[in-house]
Protein chains: 2
Amino acid sequence: MNMTPVTGDVRQRILNTGQVIIGGKGFSAVGLNEILKAAEVPKGSFYHYFSSKEAFGEALLEDYFTTYLAQTEERLTQPVASNAERLLGYWAHWRDTQHYCDPSGKCLAVKLAAEVSDLSERMRRVLQQGTERIIARLAQSIEAAVAEGSLPQSVNIQGSALELATTLYQLWLGASLRAKITRDRVPLDAAFKATYALLNLDPNRSLTQERTQ
Amino acid sequence: MNMTPVTGDVRQRILNTGQVIIGGKGFSAVGLNEILKAAEVPKGSFYHYFSSKEAFGEALLEDYFTTYLAQTEERLTQPVASNAERLLGYWAHWRDTQHYCDPSGKCLAVKLAAEVSDLSERMRRVLQQGTERIIARLAQSIEAAVAEGSLPQSVNIQGSALELATTLYQLWLGASLRAKITRDRVPLDAAFKATYALLNLDPNRSLTQERTQ
DNA sequence: TGCATCTATAGACGACTGGTCTAATCAGGC
DNA sequence: GCCTGATTAGACCAGTCGTCTATAGATGCA
């Protein structure tokens, strides 16, 4: 009766465990064996689903960005909130999840970008498309926020919404990178504050419900 | 006559070639063999100078930050310029050198932070101290710039100079990371523009001589 | 039901590279 | 010539990615 081939199941299990392990240790530092042992998948199966470690990494990133973009989409369209509130909620979530190491909740873009971009052209392209789409989605919400008045018109002075989204995304990328170094939330708190500034918002009036700590 | 032991020479040669190769391919992806072959140092010698690959990585980062900080110090104290001009010169230089891959001019902080922080506590600490000192040095120049009036007082509203320096450094870290992905200068140009905004400078009036392109 | 066909699993295996360490060599002082 | 310490050569084994053969399972058709 179950028409979906087992294919998807095993393949996805390899991807899921791979994401956790590689998200923790990086791409080159992890061997296939470790992933396959953890996923309880024999080595022989691996090369049935993926033609090489590089192809696997490509699929890993594709899978990651697909689900990440879906989650982001949901977060940026949730009801009973202005677009500005949703955006700040997005970054508040980023801050709260990335500040210290949840094994599975790691951002693969932060973890792998530097390592993999010079290693595999194919993986680099996936990273490029993924980050591009995230930024485009953020830009869309920024435009909507300005249009509806939840963000001040003055943000337009700096440049297009796409430029602003690019800057903000990169700001958070860098903050996450440094959070890996410092292992505390200071970098992400700084990014959150700077986000207010770049959006021309009053830093003292919190638009969204922030966790005090 | 030459009292300095050859030690320093060989050791430094391993560090220099290691920096170029690891700066290009990452830490885990590069084997000692490759570095030692390039440096024309026999494999057996390696463990005379370094107790392990990790210790080597630690020394590599220490060496890198030492010279980087010295260069930065020079750049931020050069005469016939205001502190604001020097700061913008620092970032203009960053933009111009990192936008596409000079084999040896790579920023090891960008390249290795994500990969190494979860891999080696000792290397992480070196990264932490190094970035902290860079940020502190930037903060010092920001304060001096405000004091002398080459940066507007209004930057103080956002927070301390250290906070601002933190934000700016992270912004550039993220921009460099994304530049690795996109392989163009768009991310760094966006960072440069955002730097003006975060410093409350008029983006159209260029304080420093920028290269048009 | 029986047989053929194709997908998926199983893991041994090869060729190679990884970091590490012991044993030998070398240089210079006495 | 011997002793001492710095330097090097290469063995070592665990682990790498990827291949390959053999089995197991499902599906199609008769």
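**The contact between chain A and chain B**

Colleague: How many salt bridges do you count between chain B and chain A?

Modeller: The count between the two chains is ten salt bridges, bearing in mind that this is a predicted model.

Colleague: Which residue does K180(B) meet in a salt bridge?

Modeller: The side chain of K180(B) pairs with that of D118(A), at 2.9 Å from N to O.

Colleague: And polar contacts, how many residue pairs across the interface of chain B and chain A?

Modeller: The rule finds 16 residue pairs in polar contact across that interface, with both residues of each pair at pLDDT 80 or more.

Colleague: Which elements of chain B give two or more residues to the side that touches chain A?

Modeller: Those elements are helix 1 (6-25), helix 6 (108-117), helix 7 (121-148), helix 9 (161-182) and helix 10 (186-198) of chain B. Helix 9 of chain B gives the most to that side, with 14 residues. By residue class, the side of chain B that touches chain A divides into 18 nonpolar, eleven polar and twelve charged residues.

Colleague: How many residues does each chain bring to the contact, chain B and chain A, and what is the area buried between them?

Modeller: Chain B brings 41 residues to the contact and chain A brings 41 residues, while the buried area is about 3,700 Å², with carbon and sulfur atoms giving 59% of it. Within the area that chain B buries against chain A, Q170(B), R178(B) and I181(B) supply 18%, more than any other three residues.

Colleague: Switching to the inside, which members of the largest nonpolar core touch the most other members?

Modeller: Of the 142 residues in that core, W91(A), I14(B) and W91(B) touch the most other members. If neighbours within four places in sequence are left aside, W91(B) is in contact with L138(B), L168(B), W172(B), F192(B), T195(B) and L199(B).

Colleague: Is T131(B) buried or exposed, and what does it touch?

Modeller: T131(B), which is found in helix 7 of chain B, has a relative accessibility of 0% and therefore counts as buried. Not counting residues up to four places away in sequence, T131(B) touches R178(A) and I181(A) as well as F65(B) and Y169(B).

Colleague: Where is M123(A) found, and why is it called buried?

Modeller: M123(A) is found in helix 7 of chain A, residues 121-148, and it is called buried because its relative accessible area is 0%, where the cut-off is under 20%. Its contacts, leaving aside neighbours within four places in sequence, are F27(A), E54(A), G57(A), E58(A), L61(A) and V116(A). M123(A) and A55(A) are 68 residues apart in sequence, with 8.2 Å between their C-alpha atoms.

Colleague: One backbone matter: what is phi of R183(A), and where is its place in chain A?

Modeller: Phi of R183(A) is near 60°, a positive value in a residue other than glycine. Most residues other than glycine have a negative phi. R183(A) has its place in the loop between helix 9 (161-182) and helix 10 (186-198) of chain A, and its relative accessibility is 24%, so R183(A) counts as partly exposed.

Colleague: What about N200(A), what is its phi?

Modeller: N200(A) also has a positive phi, of about 55°, although it is not a glycine. N200(A) lies in the segment after helix 10 of chain A, and at 30% relative accessibility it counts as partly exposed.

Terms used:
Residues are numbered from 1 along each chain as its sequence is written. Chains are lettered from A and ligands numbered from 1 in the order in which they are written. This is a predicted model: local features need pLDDT of at least 70, side-chain atom pairs count only at pLDDT 80 or more; totals for chains, interfaces and linings use all residues. Side-chain values use heavy atoms; hydrogens and water are left out. Contact means heavy atoms within 4.5 Å. Buried area is the accessible area (1.4 Å probe) that two parts lose on being put together, summed over both. A salt bridge is a side-chain nitrogen of Lys or Arg within 4 Å of a carboxyl oxygen of Asp or Glu. A polar contact is a pair of N or O atoms within 3.5 Å; within protein, one must be able to donate a hydrogen and the other to accept it, and residues adjacent in sequence count only if both atoms are side-chain atoms. Helices (H or I, at least four residues) and strands (E, at least two) are DSSP runs, numbered from the N terminus. Ala, Val, Leu, Ile, Met, Phe, Trp, Tyr, Cys and Pro count as nonpolar, Asp, Glu, Lys and Arg as charged, and the others, Gly among them, as polar. A nonpolar core is a set of buried Ala, Val, Leu, Ile, Met, Phe, Trp, Tyr and Cys residues joined through side-chain atoms within 4.5 Å. Buried means under 20% relative accessible area, exposed over 50%, partly exposed in between (1.4 Å probe, protein chains only).
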